[in-house]
Amino acid sequence: MTLVDFWFYLIAVLWIGYFFLEGFDFGVGMLLPILSRDERDRRVMINTIGPVWDGNEVWLLTAGGATFAAFPLWYATLFSGFFLPLLIILVALILRGVAFEYRGKGEHGNDARWKRGWDLCSGVGSWVPAILWGVAFANILRGVPLGLNANDHIDYTGGFFNLLNPYALLGGLVTLTVFLLHGAVFLALKTTGDMKQRAEAFAKRLGIVALLLAAAFIVWTAAEHGTVASVVLLAIAAVAMIAALAMIHRGREGWAFTLLGVTIAALVLGLFVSLYPNVLPDIDGAHDLTAQAAASSPYTLKVMTIVAGIMTPVVLAYQAWTYWVFRKRISRRSIPADRPREDVAADAGLVPDRG
C-alpha cells in the first residue's frame, strides 16, 4: 500500500468516526421537539450528548484538515464546487453549537421563549447537516461536471442545482433517517423511564423506513458504482442494519447501537472503496480527479504519517475516557428543578429586571 492509498483510506476512517459519533448527536437534536413533552424532558435529552457533542466534531475537523494536507487538489475542487452546501452546513453547525451553550445561560436562562428559540436553532442545526452530508457524499460518488481551467487544473463547472439529483437526494434521506434512528437508539441507551420507552417506540416505527431507504440506496450504488469489495461492504451494511432492527425490537439497545455503528462504517467504507482510485469523478468521465493527481508530495505524506502515528492514540484515549466518565444513564430525577431567575442572573453577573 502506498502513502496515497493509506491517506485515502485513513480519511475514510475519519469520516466513519465522524458519522458514527456525530450521527447520534444529530439524531438527538432532531428528536428534541418530537420526543420531549416538557422542559425537563428536553434537558434530559440535551444532557445525554452535552459532555460529548463538541468532542465528536473533532473528527470532522481532522477529516477536513487531513484532506487539505494530503489531497490539496481534491480539497480545492470539492470546496469550490460544493461551496454553497458546505457553507450552509458550517452555519448550521455553528448555530447548533451556540444553541446548546446559550439556551440556559444569562438573565433569560429561565425564559421559556428564550429556550424555545434556541431549541429551534439546535433543531435546524441538526436537520440540515444530517441531510446535506448524504447529498454531498452521494454526489462525490456519482460524479459532478468537471473541466479544465485556464491553468489546466480541474475545476467544478456545474451549479448548485446539479447537486440536487435523484441519487443524491436519496443519499440525503438515507443519512437523515439513519441518524434519526441512531439518535433514538442512543437515547434509549442513555435514559430511563418514559424517555427510554418513547425513544424505543420511535426507533421501532422509524426502523423499517430507514431500512427501505438504505436498501434502495445500496442497490442503486452497487448497480452503478459497485466493485466486488464495495458490494461486499454494502451487503455487510444491509445485514448489520437488519440485525440492529431485530435488536431494537428485542429491547437490546446496546447491541442495536453497536450494529448501527457497523452499518455506518460499512456503508461509508463501501462508498470510498467504490470511489477509488478517483477522489472526484467527472460525470462524463473525461476529467476524473484521481487520488494520485490530487495528492501532496511523498515528503508531506511521510511527515503527516509520523504526526498521525503519535497524535491519533492520544485523541482516541481522550475520547474513550470522556465516554467512560459520562457513561451513566440519565432520567428526569437527574435534572434539578429550574432555579429562580434571580439566581441565574446572579451567576451570570447580571442584575435582573425586577420591574
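Colleague: How many aromatic pairs does a search of the whole structure find?

Modeller: The search turns up 33 aromatic pairs. In general, such a pair is described by the distance of the ring centres and the angle of the planes. Here, rings of Phe, Tyr and Trp (its six-membered ring) pair if their centres lie within 6.5 Å, with planes under 30 degrees apart called stacked, over 60 edge-to-face and the rest tilted. Take phenylalanine 6 and tryptophan 7: their ring centres are 5.8 Å apart and their planes are at 90°, so this pair is edge-to-face.

Before we go on, this is a predicted model: local features need pLDDT of at least 70, side-chain atom pairs count only at pLDDT 80 or more, and totals for chains, interfaces and linings use all residues. Residues are numbered from 1 along each chain as its sequence is written, and side-chain values use heavy atoms, leaving out hydrogens and water.

Colleague: Is phenylalanine 6 buried, partly exposed or exposed?

Modeller: Buried means under 20% relative accessible area, exposed over 50%, and partly exposed in between (1.4 Å probe, protein chains only). Phenylalanine 6, at 31%, is therefore partly exposed, while tryptophan 7 is buried at 4%.

Colleague: And how much of H1 is buried?

Modeller: H1 is mostly covered, with 25 of its 33 residues buried. Helices (H or I, at least four residues) and strands (E, at least two) are DSSP runs, numbered from the N terminus. H1 covers residues 3-35. It also has a kink of about 30°, centred on glutamate 22; the bend at a residue is the angle between axes fitted to the seven residues ending there and the seven starting there.

Colleague: Where is empty space left inside?

Modeller: Rolling a probe the size of a water molecule over the atoms shows that. On a 1 Å grid over the protein atoms alone, a cavity is a set of points where a 1.4 Å probe fits but cannot get out, and a pocket is an open set with protein on both sides within 12 Å along at least five of seven lines; lining residues have an atom within 4 Å of a point. Grid points are joined across faces, edges and corners, and a volume is the space filled by probe spheres set on the points.

Colleague: What about the largest pocket?

Modeller: That one has about 640 Å³ of space. Its lining has 28 residues, with Leu60, Gly64, Phe79, Leu86 and Trp133 nearest the centre.

Methods:
Expected span 1.5 Å × (residues − 1).
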